[in-house]
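Work through the exercises below with the sequence and the model open side by side, and try each task before reading its solution.

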Amino acid sequence: MRKTLLVVCSAFLFSTFFSDALLGQPRYPKETEEWLKSAELGPYEPKVYNEKAIYEKAKLEKEVSVYSYSSRVHQFGKTFEKQYPGIKVNGFDMDSAEIVTKVLAEQKAANFTADVIFLKDPATALNELIEKGYAFTYVPPDLRSVIPERFQRPFLVHHVSLDALVYNTEANKTSPIQSLWDLTRPEWKSKVLFPDPLKMPEFIEFLVTVVQHGEEMAREYQRVFGKPIQLSKGCENVGYEWIYQLLRNDVIIAGSTNDVSNAVGQPGQQKPPVGITAYSRLRDKEKNPKLAFDVALEVKPVMGVATEVIIALVNRAKHPNAAKLMIRWMMGDEKGGQGYQPYFVLGDIPVRIDQPAPKGSKTLSQLNVWMADPKFVWDQGQKVRDFWLSHLK
């Protein structure tokens with residue numbers, strides 16, 4: 001989330017992409033322009049998706065490398081290899097921040113290792129990779145009619161991920177938390193888990209989105225406590241106040257979303273904690289049926305924050321045709337199958353309008369959530385991160 005754009009860099013970007021306003025497309029370095037042309041990407045992309053022709057070219061490339069925020073890359077990698085014999089998938093599982101850092105280093109060293117990147121943190125991906133020409137958006141032409149435009153540009157969204165509050169269902173018939181403000185009450189001191197936002201940028205997105213909706217948080221405080229909120233020193237708005245009170249209530253910082261669901265869902269607890277984690281962690285109960293937790297869908301003012309998980313094709317990728325096939329495979333079919341199958345689960349919301357919501361789930365429009373705004377996250381993320389750090393005990 002750290003901004004590194006200096007005046008000189010900004011001037012360079014302005015001059016590099018000035019032609020975008022004049023000619024309708026950005027101007028890239030000669031090597032990138034030649035690569036785009038040979039790979040048939042960007043302005044050179046065919047209007048029709050010809051899978052057979054792309055596959056023939058991809059077989060000559062022999063492999064494709066995917067940097068993925070999700071370990072499920074190994075699942076859709078195996079099915080890809082079965083679908084497209086002769087193409088090996090090199091799947092690398094790393095967190096989103098590491099993906100951005102690694103791609104930046106490789107681009108600057110002209111070491112073009114990655115072909116496809118699959119990550120959260122769209123704000124950083126947009127500002128550090130796509131707008132600098134280090135990665136490109138590729139939307140398979142045959143899918144453009146079934147993906148809303150807002151999920152095609154400035155990047156292709158694979159699915160929408162939800163972060164929400166979970167509670168122990170063995171100890172509670174219904175959620176003991178009805179409002180986000182309940183997490184700041186004395187009875188929940190040291191009983192709330194929150195994934196470390198310094199390690200997982202999607203939870204910076206969560207915090208920034210709360211800040212962005214400070215007015216709604218103020219109204220919710222009035223509803224819950226029956227009086228207007230008084231801001232503490234250093235809190236610019238009610239979103240910051242919520243973060244401050246959460247930290248003052250000795251929130252437990254978890255190392256991963258899995259740590260949250262395991263701690264909340266362990267059976268046999270008399271006074272189990274609650275926690276904010278990925279909605280899709282519900283799949284953990286399939287692996288460990290003893291876990292007893294569920295998502296609190298009725299929490300006010302929202303049940304959670306929705307963030308975009310994106311796919312991009314890396315600048316000067318050595319295997320661009322295999323990358324195109326991979327991106328198309330990852331987007332799946334109208335039944336949520338093919339390479340999308342590992343993500344057709346509770347908590348991961350499809351963006352294809354012809355794909356139904358996973359069994360037992362709801363569509364995005366049916367859920368009371370706030371959608372993280374990549375621009376606001378980029379502008380305010382570092383500030384919120386610093387605020388979080390300054391108030392950690």
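**Exercise 1.** Determine the handedness with which helix 5 passes helix 13 in this predicted model, and describe the contact by residue and by class.

*Solution.* Helix 5 passes helix 13 in a right-handed crossing. On the side of helix 5, the contact is made by Phe76, Thr79, Phe80 and Gln83, while helix 13 contributes Ala322, Leu325, Met326, Trp329 and Met330. Sorting these residues by class gives 7 nonpolar and 2 polar residues, with no charged ones. As for the geometry, the axes of helix 5 (residues 73–83) and helix 13 (residues 320–331) come within 11 Å and cross at roughly 115°.

**Exercise 2.** Locate asparagine 315, decide whether asparagine 315 is buried or exposed, and find a polar partner for its side chain.

*Solution.* Asparagine 315 lies in the loop between strand 10 (304–314) and helix 13. Its relative accessibility is 5%, and asparagine 315 therefore counts as buried, the cut-off being under 20%. The side chain of asparagine 315 makes a polar contact with the side chain of threonine 32, at 3.0 Å. Beyond its neighbours within four places in sequence, asparagine 315 is in contact with residues including Trp35, Gln107, Phe112 and Tyr134.

**Exercise 3.** Carry out the corresponding analysis for alanine 125, giving its element, its burial and its contacts.

*Solution.* Alanine 125 belongs to helix 7 (residues 122–130). Because its relative accessibility is 2%, alanine 125 counts as buried. When its neighbours within four places in sequence are left aside, alanine 125 is in contact with Leu119, Ile130 and Ile310.

Notes
Residues numbered from 1 in each chain as written. Predicted model: local features only at pLDDT ≥ 70, side-chain atom pairs only at ≥ 80, totals over all residues. Heavy atoms only, no water. Axes fitted to C-alpha atoms, helices over the stretch in contact; angles between N-to-C directions. Helix = DSSP H or I, 4+ residues; strand = E, 2+ residues; numbered from the N terminus. Left-handed = near helix turned anticlockwise from the far one by under 90°. Contact = heavy atoms within 4.5 Å. Nonpolar A, V, L, I, M, F, W, Y, C, P; charged D, E, K, R; others polar. Buried < 20%, exposed > 50% of the residue type's maximum accessible area, 1.4 Å probe, protein only. Polar contact = N/O pair within 3.5 Å; in protein donor to acceptor, adjacent residues only side chain to side chain.
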